[in-house]
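Have the sequence and the coordinates open alongside.

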Amino acid sequence: MNDADVSKQIQQMVRFIRQEAEEKANEISVSAEEEFNIEKLQLVEAEKKKIRQEYERKEKQVDVRKKIEYSMQLNASRIKVLQAQDDLVCSMKEAASKELLNVSHHHNHHIYKKLLQALIVQSLLRLKEPSVLLRCREDDVSLVEDVLDAAKEEYAEKSQVHAPEVIVDQIYLPPAPSHHNAHGPSCSGGVVLASRDGKIVCENTLDARLEVVFRKKLPEDASCMQLNGSRTVPTS
């Protein structure tokens, strides 16, 4: 083999080696590009997921904040409505309390005597006791004594029992409200009856009946009270 053949063969081998190297380099480049794209896609998806999670977290925070603000506004509105209702009830109650004074006024004695008799009968029917203690205002003692026998007979007839013993207490209910006693205890009229042992009390004053009427209009209905071992019988 002469020098020309050797040179030709060497060139062929160099071209073969170079071609293989180029093909191998191309394969490595393609593989690296694919791995880079896959990794880039994974990183992008991971970042997208983080962004979505962060957005959802903030969206929930905003939603919770909106709900809290709405609840606070709703509660504030309810408080305003309840306050307005309470103010209206109080003003109506105050106006009604002033009107109660006219019931027991001196020029209404005939009407007031009939009312006292009805209140005594009702209290006796509530208590159903053979002997009771009656308490009234000092100004009403004579009126109560005038109707007491008739009230006892009416009760006895309605209950089909003997007329009960009714003792008028020497301790009186407070007087009617006045400018001189604006902050002290007062009573617009009516009676309070109790069993002799004091365990059962029927408060049938005009003020108590007004209180019952207004209490029935409110959610908190406490018609029976337990105080110091005594039971208050509700009037209706």
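## A proline in a loop

Pro174 sits in the loop between E2 and E3. Helices (H or I, at least four residues) and strands (E, at least two) are DSSP runs, numbered from the N terminus. The model is predicted: local features need pLDDT of at least 70, side-chain atom pairs count only at pLDDT 80 or more, and totals for chains, interfaces and linings use all residues. Residues are numbered from 1 along each chain as its sequence is written, and side-chain values use heavy atoms, with hydrogens and water left out.

Pro174 counts as partly exposed because its relative accessibility is 26%. The cut-offs: buried is under 20% relative accessible area, exposed is over 50%, and partly exposed lies in between (1.4 Å probe, protein chains only). Leaving out residues up to four places away in sequence, Pro174 touches Arg137, Pro185, Ser186 and Cys187. Contact means heavy atoms within 4.5 Å. Cys136 is 38 residues from Pro174 in sequence, yet the C-alpha to C-alpha distance is 8.4 Å.

## The chain overall

The protein chain has 4 helices and 6 strands. Along the sequence they follow the pattern α-α-β-α-β-β-β-α-β-β. Of the 236 residues, 23% count as buried. Take the contacts with a separation of 6 or more: residues 24 or more positions apart account for 70% of them.

## Strand pairing

Two strands pair if DSSP finds at least two bridges between them. Strand E1 (residues 131-135) pairs with E2 in the parallel sense over 4 bridges. Leu133 has Ile167 in E2 as its bridge partner. E1 also pairs with E3, in the antiparallel sense, over 4 bridges. Here Val132 stands opposite Ser195 in E3.

E3 pairs with E4 too, antiparallel, over 5 bridges. Ala194 stands opposite Val201 in E4. The hairpin of E3 and E4 has 4 residues between the strands, and Gly198 takes a positive phi near 75 degrees there.

## Two strands, two burial patterns

In a regular strand the side chains alternate between the two faces of the sheet. Which residues of E2 are buried? In E2 (residues 165-168), Val166 and Val168 point to one face and are buried.

## Helix H1 against helix H4

H1 (residues 3-103) and H4 (residues 206-216) pack at an angle of about 150 degrees, with axes 10 Å apart. Axes are lines fitted to C-alpha atoms, for helices over the stretch in contact, and angles run from 0 to 180 degrees between N-to-C directions. H1 and H4 are therefore roughly antiparallel, a label for angles over 145 degrees.

From H1, Val89, Met92, Lys93, Ala96, Ser97, Leu100 and Val103 meet Leu206, Asp207, Leu210, Glu211 and Phe214 of H4. By class, this contact has 8 nonpolar, 1 polar and 3 charged residues. Ala, Val, Leu, Ile, Met, Phe, Trp, Tyr, Cys and Pro count as nonpolar, Asp, Glu, Lys and Arg as charged, and the others, Gly among them, as polar.

Which residues of H4 are buried? They are Leu206, Ala208, Leu210, Val212, Phe214 and Arg215. Their cover includes H1, helix H2 (109-127), strand E3 (190-195) and strand E4 (200-205).

Conventions
Angles under 35 degrees count as roughly parallel, over 145 as roughly antiparallel, 65 to 115 as roughly perpendicular and the rest as oblique.
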